[in-house]
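Good morning, and thank you for the time.

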Amino acid sequence: MDVPELFPVDLAKIFIDGAKDPSKRPVLILGAGASIPSLPSAYNLKAQIASNAVKRAFGSESSMTENDKKELNDALQIVREMCAEEHITLEVLVSLITFRSGDKLDTDAMWQSLCEDCAVNEFSHMIALLVKLGCIDRILTSNFDHVLEEACSNVDAAYEVVSNVQLEENELNTFANKSSSVTQICPFHGTTFKDEHSDYTGPFTATATGLAKPFSKRMAEYIEDSVSDRNRPILIFGYSGCDHFDLNPLLSSLKLEHEENRGNFGWCIHSGNQNYVSQAIKNIFGAT
């Protein structure tokens, strides 16, 4: 049994059906692939952050001996290899660096600098147009950039950002009642998005002092509510499934290895290559 995969003709029908009937509007789950090429891939993000931490530990290159430079290059090679390991997630890596660096690491500045050159890509523009046409119910994203919000604003598409702050301040049915009229964007790992109306949770899982931080009770309830309606399509874009400490356990609880529970899930991956999907997610879906 393979991870369910969708193709353009299937997607077109799903979005058209959603525009006709709000109860069939799909929920989207987005990973780093949805923000490429604006946001670096998950691997490049990890490698860039870890490399910067190593370089800072070695100090100014101008004062290094030849042996120091060799040790630095060896350390950077080890870091690049480590970042390729599936179990070394962005959250684990950055929380470890944060824990070791303390106040010496300005995480807010780090996230802002990583996202400052992010621009609306073709995928985000397409999603924004579908939001404007009333084709999408909710968008759950692991990305902390604000490309989706910018894309929606560019085409005057109505949306609402739902972060941990909003979930802690309101009852779950507040969002359930509104989702039929306004598309909700939920950055479940936090966001760098800012506006004049509300405060939003920053990239909290990636800057936690522990090695891993599961979802808050309210966030877990919101995501479960988003993906539990078997009549509503769940479309997954650009997501490898390496969130072993929060989203994966939640998906596991839905028992998606049983075919009757996953019939409304669809996976959209680059070039039809299932190597982009983690083994952990394949296990959750009962794939071989």
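Which residue of strand 4 stands opposite Leu140? It is Cys186. Before I build on that, a word on the source: this is a predicted model, in which local features need pLDDT of at least 70 and side-chain atom pairs count only at pLDDT 80 or more, while totals for chains, interfaces and linings use all residues. Residues are numbered from 1 along each chain as its sequence is written, and side-chain values use heavy atoms, with hydrogens and water left out.

Let me turn to the sheet. Helices (H or I, at least four residues) and strands (E, at least two) are DSSP runs, numbered from the N terminus. Six strands make up an open sheet with parallel pairing, in the order 3-4-2-1-5-6. Its edge strands, each pairing on one side only, are strand 3 (159-161) and strand 6 (265-268). From one strand to the next, the twist averages 20°. Two strands are said to pair if DSSP finds at least two bridges between them.

Strand 2 (residues 138-141) pairs in the parallel sense with strand 1 (residues 27-30) over four bridges. Across that pairing, Leu28 stands opposite Ile139, and Ile29 stands opposite Leu140. Four bridges also join strand 2 to strand 4 (residues 183-187), again running parallel. Within strand 2, Arg138 and Leu140 point one way, Ile139 and Thr141 point the other way, and all are buried. Buried here means under 20% relative accessible area, exposed means over 50%, and partly exposed lies in between, with a 1.4 Å probe and protein chains only.

At the other end of the order, strand 5 and strand 6 pair in the parallel sense over four bridges, and Ile236 stands opposite Trp267. In strand 6, Phe265 and Trp267 point one way and Gly266 and Cys268 the other, and all are buried.

Please look next at Phe237, in strand 5 (residues 234-237). Why does Phe237 count as buried? Its relative accessibility is 8%. Not counting residues up to four places away in sequence, Phe237 touches Leu11, Leu28, Ile29, Leu30, Gly31, Ala34, Phe123 and Cys268; contact means heavy atoms within 4.5 Å. Helix 1 (residues 8-20) lies across strand 1, strand 5 and strand 6, and runs at about 130° to strand 5. Axes are lines fitted to C-alpha atoms, for helices over the stretch in contact, and angles run from 0 to 180 degrees between N-to-C directions.

Now to helix 3 (residues 66-83). Its buried residues are Leu72, Ala75, Leu76, Val79 and Cys83. Seen down the helix axis, these fall within an arc of 105°, so they line one face of helix 3; the arc is that of the directions from the axis to the C-beta atoms. On the other side of helix 3, Glu66 and Ile78 are exposed.

I close with the cores. A nonpolar core is a set of buried Ala, Val, Leu, Ile, Met, Phe, Trp, Tyr and Cys residues joined through side-chain atoms within 4.5 Å. The largest has 26 residues, and Leu140 and Phe265 are among those with the most contacts inside it. Helix 10 (217-227), strand 1, strand 5 and strand 6 are among the elements that give two or more residues to this core. Helix 10 gives the most, with four residues. A second, separate core of 23 residues includes Leu28, Ile127, Cys135 and Leu148.
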